[in-house]
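Got a minute to look at how some labels get attached to a protein model? Here it is.

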Amino acid sequence: SEPHNVAHPAALERAASYIEDTLASMGYEPARQAYRVDGVDVRNIEVVCGPAFESPAAPTLILGAHYDSPDTSPGANDNGTGVAAALEIARLMRTLTPRGARLRLVFWVNEELPYGKTPDMGAWRHAERLKAGGEHVVGVIALETLGHFSDVPGSQKFPFPFAHIYPDRGNFVAFIGLPGSRALTHRATRLFRRHGDVPAIGGVVPAFVEGADLSDHWAYHQHGFPALMVTDTAPFRNPYYHQPTDLPDTVDYDGLARVTTGLCAVVRDLLDTA
């Protein structure tokens, strides 16, 4: 309910502490990847689960969400909804241990401007560390705005040329992969359609298409990892996007819950077949 970013460091710290406390209450031991930006100490927060935890050669699936908000926006949908979904998936994974791969659940800092798409982006720092360590990353799923839905005709917009392909009702979730992520994107979309009860569209979109690379998956793509974002399409649907009015009472909690349940099933299947 308040802006939280490097320009509002006390609020950013409250958000980070909330995430860490919530994970600890589930029995996790959150790890920090700390660094300093413009005189402010910031951090990514991570927990790891799965029997392959100790094996360096084991495949890794990453799922995460950025927890900073843009400018003076409180960021309830962008990206409180992504954080809420990731926390709930963390809770569910405590009793649904993956067999085939480790899962890194990451809460990234500094996705928003002016740090997005720079080396000060939390996702960049995390991807850089995994690349340097030679970790076998089989996929990255970034949760990005998951709580705005509408069945009203005309509620959904698209960048050119997709307006001529997809429906104009904002009642679906989108799986958007960057080039090199086709197999991951298609499999995740198929699995969500099998397990979820929210309509889903999915595909690989070139980075030059408006909005296609504006999330944490971009950083992993830059390091050669297959990566996608799951989103309600944000500015193409939500009138509160990046506004001071992006408040908790604008979130569709039923839709968010149904998306989260479907995503947890997707993650389990991806882990078991990695």
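Below are a few questions and answers about this predicted model.

Q: Why is α2 called oblique to α6?
A: The axes of α2 (residues 76–93) and α6 (residues 253–272) cross at roughly 50°. Angles under 35 degrees would count as roughly parallel and 65 to 115 as roughly perpendicular, so α2 is oblique to α6. The two axes come within 9 Å, and the crossing is right-handed.

Q: Which residues of α2 and α6 meet?
A: On the α2 side there are T81, A84, A85, E88, I89, L92 and M93, and they meet L256, T260, L263, C264, R268 and L271 in α6. By type, that's 9 nonpolar, 2 polar and 2 charged.

Q: What makes R104 and E46 a salt bridge?
A: Their closest N and O atoms are 3.0 Å apart, and the cut-off is within 4 Å, so the pair counts as a salt bridge. R104 lies in strand β4 and E46 in strand β2, so the pair ties together parts 58 residues apart in sequence. Both R104 and E46 are buried. They also belong to a network of salt bridges with R102, R129 and E135.

Q: Why is D197 called exposed and R258 partly exposed?
A: D197 has a relative accessible area of 53%, and exposed means over 50%, so D197 is exposed. R258 has 29%; buried means under 20%, so R258 is partly exposed.

Q: Which residues does R258 form salt bridges with?
A: One is D197, at 3.7 Å from N to O. Another is D254, with the closest N and O atoms 3.1 Å apart; R258 and D254 both lie in α6, about one turn of the helix apart.

How values were computed
Residues are numbered from 1 along each chain as its sequence is written. This is a predicted model: local features need pLDDT of at least 70, side-chain atom pairs count only at pLDDT 80 or more; totals for chains, interfaces and linings use all residues. Side-chain values use heavy atoms; hydrogens and water are left out. Axes are lines fitted to C-alpha atoms, for helices over the stretch in contact, and angles run from 0 to 180 degrees between N-to-C directions. Helices (H or I, at least four residues) and strands (E, at least two) are DSSP runs, numbered from the N terminus. Angles under 35 degrees count as roughly parallel, over 145 as roughly antiparallel, 65 to 115 as roughly perpendicular and the rest as oblique. A crossing is left-handed if the near helix is turned anticlockwise from the far one by less than a right angle, and right-handed if clockwise. Contact means heavy atoms within 4.5 Å. Ala, Val, Leu, Ile, Met, Phe, Trp, Tyr, Cys and Pro count as nonpolar, Asp, Glu, Lys and Arg as charged, and the others, Gly among them, as polar. A salt bridge is a side-chain nitrogen of Lys or Arg within 4 Å of a carboxyl oxygen of Asp or Glu. Buried means under 20% relative accessible area, exposed over 50%, partly exposed in between (1.4 Å probe, protein chains only).
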